Amino acid sequence: MALCAVVLATAACTAVSPGSPGRAAAGSPESALATFYDQKLSWGPCAPFATTDADARAFADPRYDCAKLEVPLDYARPDGRKAELGVLRQKALSPATRIGSLLLNPGGPGASGMSVVPAIFGRSQGTGPLAQRFDLVGFDPRGVGSSTPTIDCLTDAEQDAERAKTFADPSPAGVAAAEADSKLMADLCSGRVGNGALADVGTRDVVKDVDILRAALGDKLLTYLGFSYGTQIGSTYAEAFPGNVRALVLDGALDPTETLFDRIVKQNAGFQQAFEAFGKWCTAQPAPCPLGTDPAQTTATYQALVRPLIDKPIPVGPSGRILSFPDAQIGVSQALYLSQFWPLLSKGLSALATGDGSILLNLADIYYERAPDGKYANTLEAFTAITCVDTEPITDRGQARALAEKVDAVAPFRSTGRGAVGALDPCAFWPVPPTTKPHIPQVQGLVPTLVISTTGDPATPYQAGVDLAKALGGSLLTFEGTQHTVALRGVTCVDDAVSRYLIDGTLPPPGTTCHAA
């Protein structure tokens, strides 16, 4: 993936100043933030907020209404430029027993929170206890989706071109070429988005937006469910506004104490673990497995299958698109997020063995949120921009090479086999400084919280959830499985625990472990 040096890296948690209950860190109703806290949302149809075809279809449902929330772009200058955040709501189905709003964030960073409400509650959860008792609310964080200013660094054609590039040459010339591409990405974002907007897209500012949204929704206290990077938003909010939290569920946790180096290494190790679990499953199926019959050899067989793409990508379809080595890796990683994708991944690898790269390319398109007409959501551009201000960048080439070598060692299925390139990523050239440092959250006065961690989570390893629960003084719910996040996906043991906690504050007994049905 050319947009980031190491695929699927995630950001570290940020430190912000505690705020007083009901108001932001600036404090009193007389402060410059009072007009933001006191604003009334103007709800209306959601169609104008759709930024993708999928959103257009989902937002047409009359059960949803949408609004814009106004926040300062720069909280140090609240009288200056404003940002507008898209907000989607599904009203509680049982108004007489309504508790308040349940705010959801799906992660990323860069994923649309507006889209997550229809995605989760438009299916099996649509009439469940949470839909009965809460207004279900999703929002597009600053820079994301329908929110403005929007992080839009690349044209659709430029995104296609980036995906076709492979940087597998560890020589000085190869490293220089990769770094030139990283710098180009940073320069394009700077020129097309503006440094003023890029400086303020991090979690430090998002949690202040969340507190304004809480007040605008009419809630004295926040009830929140965050997935993946959404756990970083939740834990950072808990640190900034511990007295404003009613209930907090964090699923697929990021450890706020980890450095970027350690997080990338652990995440890649998690994907290798998920790949090996897929290989074990694949070789046990009655149908022939494209990775052979020996689970111990699946990584080597896979390497032999995909590494030829480095020098000779496969044409896909009549449009001139290709399956590159990076896209094949992204497509496989996309399928490793959820074990339900494993049959499709097996089919895609079998097709690749015959020279057909269409299935893996389609899986990569899902990850990049590329529509069939070639249009991209801005998710990956926002991912890069938010990550770069949420983490301290690696600017030392020796450390970058050490990281690349470590990733090759812990995730050999992703290795090119040609040596670690170790180039600096776009964040090393980013035009604005980071605003975060890894640390243990300070959350005095926080209510008991619930952290969910999955033993075989490829993107957010299990131990991160253990560590976050300890840092927040919260409870840990373990799910035995291989997938990224689990809440509200139909696992009764998990979903019942989440609903009980969010509705009446009852936490599962210590040591509770749930299993797939």
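Modeller: A residue is called buried when its relative accessible area is under 20%, exposed when it is over 50%, and partly exposed in between. In this predicted model, both C388 and C427 are buried.

Biologist: How are C388 and C427 linked, and where do they lie in the chain?

Modeller: C388 and C427 form a disulfide, with their sulfur atoms 2.0 Å apart. The pair joins distant parts of the chain, 39 residues apart: C388 belongs to helix α15 and C427 to the loop between α16 and β9. The angle about the S-S bond is -85°, a left-handed link.

Biologist: Is the link of C153 and C189 right-handed or left-handed?

Modeller: With 110° about the S-S bond, the link of C153 and C189 is right-handed. C153 sits in the loop between β4 and α5, whereas C189 is in helix α6, 36 residues apart. C153 has a relative accessible area of 0% and is therefore buried; C189 is buried as well, with a value of 0%.

Biologist: Are C493 and C514 buried or exposed, or in between?

Modeller: C493, in helix α18, is partly exposed because its relative accessible area is 33%. C514, in strand β11, is buried at 1%. Their disulfide has a sulfur separation of 1.9 Å and is left-handed, at -60°.

Biologist: What pattern do the disulfides of the protein follow?

Modeller: The structure holds five disulfides. Counting bonded cysteines along the chain, the pattern is 1-2, 3-4, 5-6, 7-8, 9-10.

Biologist: What share of the 517 residues counts as buried?

Modeller: Of the 517 residues, 58% count as buried.

Note on methods:
Residues are numbered from 1 along each chain as its sequence is written. This is a predicted model: local features need pLDDT of at least 70, side-chain atom pairs count only at pLDDT 80 or more; totals for chains, interfaces and linings use all residues. Side-chain values use heavy atoms; hydrogens and water are left out. Buried means under 20% relative accessible area, exposed over 50%, partly exposed in between (1.4 Å probe, protein chains only). A disulfide is a pair of cysteine sulfur atoms within 2.5 Å. Helices (H or I, at least four residues) and strands (E, at least two) are DSSP runs, numbered from the N terminus.
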